[in-house]
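Biologist: Could you walk me through this one, starting with the overall picture and then moving on to a few residues?

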Amino acid sequence: MDYQQKLAEKLTILNDRGNGVLIRMNYIKKTCADPKLRLSLLTDKAMETPIKYINKKFPNIDFRGNIQNLNSIQRQKSEVLAATTSYYDSFLDVIEFRDHVYELLNTIDACQCFFDIAINFDFTKNYLDLIITYLSVIITLSRIDDKKALVGMFNCAHEMTNGSSDPSYPRLGQMFVEYEHPWKKLTEEFGPHTKSVTTALLSLRMVYPRRNLPAEQWRSAQLLSLLSAPAAMLDPACCDTMACEYLSMEVMERWIILGFMLCHSSLNTNQASLELWKMALRSGLFLILTRDEVLNIHKVSEELFDGIKGYSKRVADIKECREYAILNSGAMHRERRQFLRGALKELYKVLEDEPGLLGPKALFVFMALSFSRDEVLWLVRHSENMPKIKTPEDYIDNQMAELLFHMEKLRGLMTKYNHVVQRYHIQYLAQFDAMVLNDTIQNMYVCPEEESVLLTSFVSTLSALSIKQVENKEEFDFRAIRLDWLRLQAYTSVNKAPLPLREYTDLAKVMNMIQFHTRMVDSVEELLQETSEVSILGFYPRVFEKMFSQSSEDMTMKRYLMAFPIVCSHFSQCGHPLCPEETEAMEKKSLRLCVTFLEQIAKQTSTVVLEICAEQCNLNDQLQPKHCADAISAARYRKQKKPVPKKGEVQKEKPGAESLRKDRSVVTNVDKMHLMLTELCASYSICSDFVVFDHIVVPTEFLISYLETRLSEIIVRMANYNQTTQEIARPSDLLAGLRAYTASLHCLSSYINVDITRLVKNVLLQQTQPLDSRGGPTITTIFTTWYLESLLRQASSSLIVHCPTMHCFINTATDNEPSFRAEEFSDISELQALAELIGPYGLKFLSENLMWHITSQVTELKKLVRENMDILVQMRNNFDKPEEMANLKKRLTGGENVLKRMAIIGVILSFRSMAQDSLKEVLNKHCPYLLGPIECMRDFISPETDIKSGL
């Protein structure tokens, strides 16, 4: 009979189904409340009258007698039916779920099942989870404001289309009416189940109080410390209640508070129930129903008990617990987080140094992750709904980054050394657990056939395991054993069971331990998800971003900032097949948050890197030859023993003076920047990449991208080009500054694994083009413009002339002071520096612009030739007649113009030739073995020669 009830299977399936229905209801609630996502029919002006009528008459809507109120639906009945069907079906899922829950709870009561979290852990947990999931579904359903309108519109359109109402409509309408005040109806429903629920909840008396301790007691007990007992470091961490040790406190509080609210009669009749409930009420102010839907536990429970006769004492207890929670819970949880930061760091350091300890001490890792997750969840839900208190700092944590960081590091260790954990526990299962279980079975004085078959199969399966399976990388799957153990718990927990589990606690303890060990072999990832998944942060983006902002302002937290984008990888694990729409929305939100955090970290890192580069560039600039004139002059005067003339200027410090320190404790600005850079770069060490909703995210690429953008802007800014005054930096100065930046940038490679050479090449290659990748100006454009508009324009006006001897342009003597010295921008060293900066592509662009100007001059010369064509023909025919030539020459027009334009062409060609020679010198220096063969081909192979024969 009991085997046929399939309690274990039903609990498992209904819990999963219930979670899906709950997520679906929450999504519908959010959709209806968001103007951007809300169904267009609900905001349509034409639908206002039908919606008001439906809400007023629901559920008894006269679809035929008041057709004038429903004309809009009549006109759009097919659209209404299509738009509301998914909502209607979702509400039907609630009815279906409720029916199955009713049936199962009644069956469990009829079987008089025994519940004890320490003995039949899975059976008890699934039972309590189902109750809370059902309650959460009903509460969330009651919070959907548009449910009546959606269901009424569907049924109206259905009747207009098919001539009759939907068969499920009366039950659905009745359910909505019944749950107008959900708590009242729910407490009535759970009255008959009080005994079973109370029994299950009271089994938490040994677990919850032990977990709900202040940080001082954790500290004095050296909780989670592997170093507190060095002699026992290799001993396996195990106890009688393995799964209870990492059971979420938030889950237990939800069970206790909401469970006793549903079965409140137990609070008046059982002192133990009351004490457990009050302890949970003192822990905080809010509980999560699902996602970001919270319950103000004191307010709701007070409203519920206010309407029940004889509960005045309970109302007083609630008020007392609320006052206590407001005064003390914030500080208590703050101290817990402070303790856990240190404990997780120590645990990680020890396990990182000795990963072999992950085998015997795996339980410590899951306990640490579970405790930390509880504190994160508590802070998140209370930060968003912060009460008005005198100490708001208790609800603000600017060191949250460190806690999240160490959680991620521990998760990473468990994943990285999964083979170590597997190897240890396979041996444990085969060589210890199987034997202990076999001995336990042998000592049982009664063992029915069905139970005997299951237990024997456990022993045989475990005994067959060997270390070779791990070495051969075989896939393990112990889900069948765990499900059979859940079935066995259900079989042996009913009243008058042939094998009552409560009398065989040793069997329960051994099997609970075996279950944990099997999970260490085949479902470490699932257990990590259960104990450390913090996807709730995705539903509190404002709190999440605020935590990041607060942590990024703290110097000591910068090394932990990468934990925030990595946490976004958790968000993909919280979806459910019953609500794919939520998963799509969550993907966009997760990627937005992840990118935002990575961009902020990259921005901070690149800012510090480039500030260090700028400082090094300034120091390098002090060593330039142009700054040594003062030192040479002073040395000359000292040699001649003459007094140095005073000009009223403060004597400059010599380069290198900044490195002289009398006290090492004196911290300079560069020291601070290097320290900040070290902290920021340390955050990149957590992982090289991670996955967010099938997107592979590489944090260093964000840094490279941001550095590329900023470096391009800095190079252009270093050119100091002023279009109004036509001022610009000398190419050699810009090249020296750029080399200083490049040398400083390479120091980043010693902090994190980034390809600085690739970065610099990308940036400099963009600078050889007219526009960079963002469409901004480059130094190629700037220098081309300046040489054409300033130097060559003045050369065409004879203010600057070409000096072949000096291989440069020089200024001519004039009354006015020249705006710049031409030789400082056109000598060999400057043009070679220009070739280094803008490269062959840039000089090609410069040459094309020069040739365009020559072309325009030639065009003007052609016009002059056409104007004087007849005279020029006559001069050609009479070139041997001096008198005639003299007369014809006087008749020519624009002679000065011709000479001027020819001079301009000559100047441009001279400058082009100088630039080409400089490029050749630079190429010879950089790639002589590439240039040699090219020149050989140019010199020895002519266009007329066959290339093959020439080669």
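This is a predicted model: local features need pLDDT of at least 70, side-chain atom pairs count only at pLDDT 80 or more; totals for chains, interfaces and linings use all residues.

**A first look at the model**

Biologist: Where does Ser569 lie, and is Ser569 buried or exposed?

Modeller: Ser569 lies in the loop between α29 (563-567) and α30 (580-622), and with a relative accessible area of 16% Ser569 counts as buried, because the cut-off for that is under 20%.

Biologist: Zooming out, how many helices and strands does the protein have?

Modeller: The secondary structure comes to 43 helices and six strands. The radius of gyration is 41 Å, well over the 30 Å that the globule rule gives for 951 residues, so the protein is more spread out than a compact globule. Along the principal axes, the C-alpha atoms fill a box of roughly 140 × 85 × 75 Å.

Biologist: And what share of the residues is buried?

Modeller: Buried residues make up 50% of the 951 residues in the protein, while the accessible surface comes to about 46300 Å², with 53% of that surface belonging to carbon and sulfur atoms.

Biologist: What about contacts between residues at least 6 apart in sequence, how many of those join residues at least 24 apart?

Modeller: Among the contacts between residues at least 6 apart in sequence, 78% join residues at least 24 apart.

Biologist: Switching to a helix, why is α18 described as largely enclosed?

Modeller: Helix α18 covers residues 297-306, and seven of its 10 residues are buried, so α18 is largely enclosed by the rest of the structure.

Biologist: Which residues of α18 are the buried ones?

Modeller: In α18, the buried residues are Ile297, His298, Val300, Ser301, Glu302, Leu304 and Phe305.

Biologist: New topic, how many disulfides are there?

Modeller: The count comes to zero disulfides. The cut-off is a pair of cysteine sulfur atoms within 2.5 Å, and the sulfur of Cys156 is 18 Å from the closest cysteine sulfur, in Cys32, so that pair is too far for a bond.

Biologist: And how far is the sulfur of Cys321 from the closest cysteine sulfur?

Modeller: For Cys321 the closest cysteine sulfur is in Cys263, 19 Å away, which is also too far for a bond. Cys156 is buried, with a relative accessible area of 0%, and Cys321 is buried with a relative accessible area of 0% as well.

Terms used. Residues are numbered from 1 along each chain as its sequence is written. Side-chain values use heavy atoms; hydrogens and water are left out. Helices (H or I, at least four residues) and strands (E, at least two) are DSSP runs, numbered from the N terminus. Buried means under 20% relative accessible area, exposed over 50%, partly exposed in between (1.4 Å probe, protein chains only). The radius of gyration is taken over C-alpha atoms; the globule rule is 2.2 Å times the number of residues to the power 0.38. Contact means heavy atoms within 4.5 Å. Accessible areas come from the Shrake-Rupley method with a 1.4 Å probe; for residues, only the protein chains shown count as cover.
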